[in-house]
Every structure is written in structure tokens, then in C-alpha cells.
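Here is a short tour of one protein model, written to be read with the structure open beside you.

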Amino acid sequence: MIADCYRREASINQALPAQIPAPRLQWMEEHDGWVVIGIDAVDGGRLPATPWSADELTATLNAYTITAEALSAPPASLQHVGLRPVGDDGDFADWRNLARGATPTDVLPAWMPLGLLDGLASLESGWREAVAGNAVLHHDLRQDNVLIDASGAAWICDWNWPCLGASWFDLVLLLATAHADGHDATSLFTQHPTARGVADEQLDAALAALSGFFLTAGGQPPADWSPHIRQHQTWCGEVTLRWLADRRGWAF
């Protein structure tokens, strides 16, 4: 499965419009089921600082502005990679499943207030309509998929999972991490060009969908293919839920 991901990334990377700030593929080799791809080195490239600095977060948001503009509609070069609508391979229905008892609540962290389940399920039910669109999404825009170069500019890496939807959906998880680091994520979201006209309920539906998915996934048994993935998923679920709780005035 991982080898297939790298094959797909190689195909997508070569098809990205030239203006997108992404390191480019130079070569790929395959042997006995192994896949190795060689991608341009970013001059002075490093991960953004943790916690997010204002300058590096701004650089990343600026890089995504350029990316979203170039991908506001699927370019001809990407038509062959089989782009599908976000969520086409399954619904974000985790809060709804928890609320109706289809998923046991012991999958959730102990700090999770179960009195919020019905409200979260209601918000989550509107996620698909909220994020519908025909833009190409990176669909994994995280702090660890960004490099900052020697001049302070941001590069967006790891193009494995593009799909179709509303451009602003890519910002939600990225800005949830900024919220966790003390930044005003809601203001940053509303000021971003991709979020023009996005209603509060749309953003809240997306936050509900993502928080339910990550918290439920984080409660699954350990994965031998990625020993820290459950911890990471739980953290992603917590930061998205806490941003949503802050927006809705929920205390926990």
C-alpha cells in the first residue's frame, strides 16, 4: 500500500501546475516491490517551528493562497490521476455512530464530555454539503507536510491524497494546530482568500467531522505500520474539537 502511495505521489507531483510551491520530482526507481522517489531539495529546508511562529504560519498560508488559486478547478494535467470528491470513500459519521450507540464510547479519550455527542452529531451531519466543491485539495495540509526555506518561504510537500472539494477545507486542520499554539485560528481563517463567503456553520461542520474521525481513529488498536499514528490521530482530534468548542462556547 505504501509503495502505491509513492507511485501516486510521483504521478501527481509531475502534474502540478508550475506556480504551486512544491518541491518537484526528479526521478523514480522501482525494484522488488520497493519504490524510491527523488525530489528536489529545498534550500535550507526545515519543518516549521513548534509552536507555530507567526511568520512561518503566514508564509504557509500565503503558499496555500497560491496553491488554491492554481487548483480552483482541476487542471488538465491532473485529470488522469482519478480525482474523487472528498469523502467519496466513506462518510464522516463518527459522532453520529457514537450518539446512536453503533460505536462504543469507550473508544474516546477519558476527557471527552459525552454530553456533547448529540450536538456534535448534528453538526457533523452537514459536513458533506458544507465542503462540497470542484477545487483540487491537498487533503493532508499539516505542519509536518510543510518546509520553510532559507528565505522564509513555505513549500507544500507530500501530494499523496488530492481530492475535490471546497478549497478552504484544507485550512481547517492546519489552523487547528495554530489554535492549539495560541493563534486566533478563526480570524486567520476568515481573512484567508479561500474562506470568503464561508458560513460559521460550514466551518463548524468541518471541524465536527474531522474531530470525530480523528478521535475515533485514535482509539483503535495500535498500527504496526505506524506505531505513533494513534497518538497523532488523537492529538489531531483534540485540537480540532477544542477549536470547535471555543467557537461554540463549550467548556470542558
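## Overall build

Helices (H or I, at least four residues) and strands (E, at least two) are taken here as DSSP runs, numbered from the N terminus. On that basis the protein has nine helices and six strands. This is a predicted model, in which local features need pLDDT of at least 70, side-chain atom pairs count only at pLDDT 80 or more, and totals for chains, interfaces and linings use all residues. Residues are numbered from 1 along each chain as its sequence is written, and side-chain values use heavy atoms, with hydrogens and water left out.

Along the principal axes, the C-alpha atoms fill a box of roughly 50 × 45 × 35 Å. The radius of gyration is taken over C-alpha atoms, and the globule rule is 2.2 Å times the number of residues to the power 0.38. A compact globule of 252 residues would come out near 18 Å, and the protein's 18 Å agrees with that.

## The β1-β2 hairpin

Strands β1 (residues 25-31) and β2 (residues 34-39) pair in the antiparallel sense over six bridges; pairing requires that DSSP finds at least two bridges between two strands. Two residues separate β1 and β2 in this hairpin, and D32 in the turn has a positive phi of about 50 degrees. H31 stands opposite W34 in β2, while W27 has G38 of β2 as its bridge partner.

Two packed helices are described by the angle between their axes and the distance between the axes. Axes are lines fitted to C-alpha atoms, for helices over the stretch in contact, and angles run from 0 to 180 degrees between N-to-C directions.

Helices α8 and α9 pack at about 150 degrees, with their axes 7 Å apart. That makes α8 roughly antiparallel to α9 (angles under 35 degrees count as roughly parallel, over 145 as roughly antiparallel, 65 to 115 as roughly perpendicular and the rest as oblique). Their crossing is left-handed, meaning that the near helix is turned anticlockwise from the far one by less than a right angle; clockwise would be right-handed. Residues in the contact (heavy atoms within 4.5 Å) include L203, L207 and F214 of α8 and L241, W243 and L244 of α9. By class, this contact of α8 with α9 has 11 nonpolar, six polar and seven charged residues. Here Ala, Val, Leu, Ile, Met, Phe, Trp, Tyr, Cys and Pro count as nonpolar, Asp, Glu, Lys and Arg as charged, and the others, Gly among them, as polar.

Helix α4 (residues 117-124) meets helix α8 (residues 200-218) at an angle of about 115 degrees, their axes 8 Å apart. α4 is thus roughly perpendicular to α8, and α4 passes α8 in a left-handed crossing. L120, L123 and E124 of α4 touch E201, D204, A205, A208 and A209 of α8. This contact of α4 with α8 has five nonpolar, no polar and three charged residues.

Helix α6 (residues 169-180) packs on helix α9 (residues 229-248) at about 80 degrees, with axes 9 Å apart. α6 and α9 are therefore roughly perpendicular to each other. Among the contact residues are V172, L173 and L175 of α6 and W235, C236 and V239 of α9. The contact of α6 with α9 divides into nine nonpolar, three polar and two charged residues.

## Backbone details in the loops

The peptide bond from T50 to P51 is cis, with omega near 0 degrees. P51 lies in the loop between β2 and α2 (54-70).

H139 is not a glycine, yet has a positive phi of about 75 degrees. You will find H139 in the loop between β3 (135-137) and β4 (146-148).
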